[in-house]
Amino acid sequence: MTSTVVDEFATGFQRTIICLHPDGTYQWERSAGPDRPAPLSAPSLATRQALEPVRTPAVSLRIPEASPHALTYIAPGPQSVARLLQSRLLPLQARSLAELLRDTGALLRRLHAHAPADAAAHPAPTGVTRLARWMENGTGPRAAALLHTEMRQWLGEHRWSRVLAWCRTTTRLSPHDVLLHGAASIGSLLPGTTPGEAVLLTGEDVTRGPATFDVGWLLGEFLELRMLAAQRQAEMPWLHDLPAALLSGYGRELDPQELGRFAVLRIMTHAHDFAAYMGWHSELAVHTSTLPRYIDTEGRAALDGTA
C-alpha cells in the first residue's frame with residue numbers, strides 16, 4: 001500500500017504536502033516555494049540535541065528529518081489549530097484548544113530555559129529579517145510593492161521608522177538571548193487524538209533572541225484573527241480565551257511592551273507575506289488601516305484581548 005495525499009497547499013514562500021501512511025501515521029512535508037530559492041534546512045546536531053528533550057505531558061516539539069529539497073515531520077493528524085479556527089468551534093472544542101494553548105505556553109517556557117550553544121551561529125528571527133528588508137527596499141513579488149506604498153502612506157514616516165527600529169533591536173545579539181522556536185505559529189501546532197500526542201512542528205526557523213519573541217509572535221496571530229473577526233462583526237470568544245491560556249501556561253511575567261511589539265511585527269510580517277507570496281486581498285486594507293493604532297499603543301491590544 002502507498003501513502004495517500006490528504007491535503008496540499010502552497011504559496012510562493014512554502015509548499016506543504018500532508019500524507020496519510022498505511023500504518024495510520026501522518027507526514028507533513030514542507031519545501032521552499034518558488035520565491036524562496038534556498039531549500040529549508042533542518043537544525044544542527046547541537047540544536048537538535050537541545051530541542052529533543054523539550055516536552056510537557058501533553059505536547060512536544062516535533063523535529064524534522066531533512067531530504068535534499070524538503071523537511072518531513074511525523075505528525076498526529078492532518079489539521080493544525082489554524083485550520084480548526086477557520087470554523088466555528090463547539091464549546092468542547094474550544095475548551096480542548098484552550099488546554100492545548102496552555103500546555104504550549106509551558107512548552108515554550110521549557111524551550112526558553114536553554115541558551116543557544118553558539119548564539120552567533122543562529123540568525124535573527126527570519127520573519128523579522130524579511131519584514132525589515134521589505135520595509136527598507138519596498139520590493140518583492142506580486143503585490144509586495146503595492147502594499148509597501150499603501151502601508152507606508154497609512155502609517156506615516158514616524159511609525160514606519162519606529163517599526164524598523166523594533167526590527168533592528170530584535171536582530172541584535174544579546175547575552176540574555178535564549179533558544180527560540182523562531183516562528184511559533186498555530187499553523188504548526190497540531191492537536192493529537194489522544195493525550196500527549198500534540199506537537200509543535202519545530203526546526204525550520206530555530207534561532208535566538210528574547211523569550212518574549214515566541215510568545216508575542218503567537219499573540220500577534222490571535223490579535224490579527226480578532227481584528228479580522230471584528231471587521232466581519234463575528235463573535236468568536238475563543239480568540240480571547242486561547243491567547244489568555246497561552247500566557248497562563250507560560251507562567252512567568254514577560255515584558256508587556258516587548259510582547260506587544262512582537263505581536264505587531266507578526267501582523268506586519270503576515271501582511272507582507274500574503275501580498276508577496278499570494279497576492280493582493282481586500283483584507284490587507286484592514287491591516288493597513290488598523291495597524292497605526294496598534295503601533296501607537298505598543299501592541300497593547302494583543303495583551304488586553306481587544307481588537
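Residues are numbered from 1 along each chain as its sequence is written. Because this is a predicted model, local features need pLDDT of at least 70, side-chain atom pairs count only at pLDDT 80 or more, and totals for chains, interfaces and linings use all residues, while side-chain values use heavy atoms, with hydrogens and water left out.

Let's start with H8 (residues 256-277) and H9 (residues 283-296); helices here are DSSP runs of H or I, at least four residues, numbered from the N terminus. Their axes come within 11 Å and cross at roughly 160 degrees; axes are lines fitted to C-alpha atoms over the stretch in contact, and angles run from 0 to 180 degrees between N-to-C directions. H8 and H9 are therefore roughly antiparallel (over 145 degrees; under 35 counts as roughly parallel). Residues in contact (heavy atoms within 4.5 Å) include Phe274 of H8 and Tyr294 of H9. By class, that contact has 10 nonpolar, one polar and no charged residues (Ala, Val, Leu, Ile, Met, Phe, Trp, Tyr, Cys and Pro count as nonpolar, Asp, Glu, Lys and Arg as charged, the others, Gly among them, as polar).

Now, how do H5 and H9 pack? Helix H5 (residues 144-171) meets H9 at an angle of about 25 degrees, with the axes 10 Å apart. H5 and H9 are therefore roughly parallel to each other. Among the contact residues are Trp154, Arg159 and Trp166 of H5, with Pro292 and Asp296 of H9. This contact divides into 10 nonpolar, two polar and four charged residues.

Conventions: Helix = DSSP H or I, 4+ residues; strand = E, 2+ residues; numbered from the N terminus. Parallel < 35°, antiparallel > 145°, perpendicular 65-115°, else oblique.
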